[in-house]
Amino acid sequence: MADYTTSIEVEAPAEVVFAHLVVPARMVRWMGRRASLDPVVGGEFAVDIGGSLVRGEYLEVEPPRRVVVSWGMAGSADLPPSASRVEFVLTPVPGGTRVDLRHSDLPTARLDGHAEGWQHFLARLTTTAAGGDPGPDTWTR
């Protein structure tokens with residue numbers, strides 16, 4: 001198993017960034033084409049991303065500073081629903097919010113693809129949370 005970690009800074013308050021992790025309409029502005037989210041512990045976390053059906057649940061929700069979800073892919077043998085864990089920690093910084101992401105318990109063979117995906121999607125989060133339009137998402141993998 002492998003872990004992936006990265007950080008970005010977003011020119012928006014933590015409350016705005018947090019909303020992009022828990023409100024379906026805001027989630028799909030930066031990641032996925034459809035989302036069904038119930039941001040309470042044990043609530044559904046379902047995002048359809050470029051043909052992949054990400055399925056899991058909210059494990060921790062601490063507005064506006066932290067969100068932890070389980071993560072996996074419907075129909076996947078090596079990364080089934082809820083098999084891995086994604087943690088977002090939001091920290092106020094001058095001019096906005098630092099987002100620290102940790103995706104843990106990934107199968108080693110999936111690490112590079114998820115690293116590439118997170119870089120793609122976090123760039124989109126940076127744009128949309130700051131009020132910009134990242135355009136249609138064309139991610140496929």
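Student: What should I know before I start reading?

Tutor: The model is predicted, so local features need pLDDT of at least 70 and side-chain atom pairs count only at pLDDT 80 or more, while totals for chains, interfaces and linings use all residues. Residues are numbered from 1 along each chain as its sequence is written, and side-chain values use heavy atoms, with hydrogens and water left out.

Student: How do I read a pair of aromatic rings?

Tutor: Two things describe such a pair: the distance of the centres and the angle of the planes. Rings of Phe, Tyr and Trp (its six-membered ring) pair if their centres lie within 6.5 Å; planes under 30 degrees apart are stacked, over 60 edge-to-face, and the rest tilted.

Student: How many aromatic pairs does that rule give here?

Tutor: The count is five aromatic pairs. One of them is W71 with W118, a tilted pair with 5.2 Å from centre to centre and 45° between the planes.

Student: Where do W71 and W118 lie?

Tutor: Start with the names. Helices (H or I, at least four residues) and strands (E, at least two) are DSSP runs, numbered from the N terminus. W71 is in strand 5 (residues 66-71) and W118 in helix 3 (residues 111-129), so their pair ties together parts 47 residues apart in sequence.

Student: Are W71 and W118 buried or exposed?

Tutor: Both are buried. Buried means under 20% relative accessible area, exposed means over 50%, and partly exposed is in between (1.4 Å probe, protein chains only).

Student: Which kind of pair do F88 and W118 make?

Tutor: Their centres are 5.9 Å apart and their planes stand at 80°, so this pair is edge-to-face. F88 lies in strand 6 (residues 84-93) and W118 in helix 3, so the pair ties together parts 30 residues apart in sequence. F88 is buried, as is W118.

Student: Which residues form the aromatic cluster?

Tutor: F45, Y58, W71, F88 and W118 form one cluster.

Student: How do I read paired strands?

Tutor: Look for bridges. Two strands pair if DSSP finds at least two bridges between them. Strand 3 (residues 44-49) and strand 4 (residues 52-62) run antiparallel and are joined by six bridges. In strand 4, R55 is the bridge partner of A46.

Student: How many bridges pair strand 4 with strand 5?

Tutor: Four bridges, in the antiparallel sense. Y58 stands opposite V69 in strand 5. Here a hairpin joins the two strands through three residues.

Student: How do I check the length of a helix?

Tutor: The expected span is 1.5 Å times one less than the number of residues. Helix 3 has 19 residues and should span 27 Å; its end C-alpha atoms are 26 Å apart, which agrees. Its buried residues include G113, W118, F121 and R124. After helix 3 comes G131, with a positive phi near 100°.

Student: How do I spot a salt bridge?

Tutor: Find a side-chain nitrogen of Lys or Arg within 4 Å of a carboxyl oxygen of Asp or Glu. By this rule the count is 11 salt bridges. One of them joins R55 to D48, with the closest N and O atoms 2.9 Å apart. D48 counts as buried, at 15% relative accessibility.

Student: Which salt bridges involve other arginines?

Tutor: R110 forms one with D78, the closest N and O atoms being 2.9 Å apart. R110 sits in the loop between strand 7 (96-106) and helix 3, and D78 in the loop between strand 5 and strand 6, so the pair ties together parts 32 residues apart in sequence. R110 is partly exposed, at 25% relative accessible area. D78 is partly exposed too, at 38%. R124 meets D137 in another salt bridge (3.9 Å, N to O). R124 is in helix 3 and D137 in the segment after helix 3, 13 residues apart. R124 and D137 are buried.

Student: Which residues form a salt-bridge network?

Tutor: E60, E62, R65, R66, R85 and E87 are linked in a network.

Student: How do I read the surroundings of one residue?

Tutor: Take V67, in strand 5. V67 is buried, with a relative accessible area of 1%. Contact means heavy atoms within 4.5 Å. Leaving aside neighbours within four places in sequence, V67 is in contact with F18, L21, V22, Y58, E60, V86, E87 and F88. V67 and P39 are 28 residues apart in sequence and 8.7 Å apart in space, C-alpha to C-alpha.
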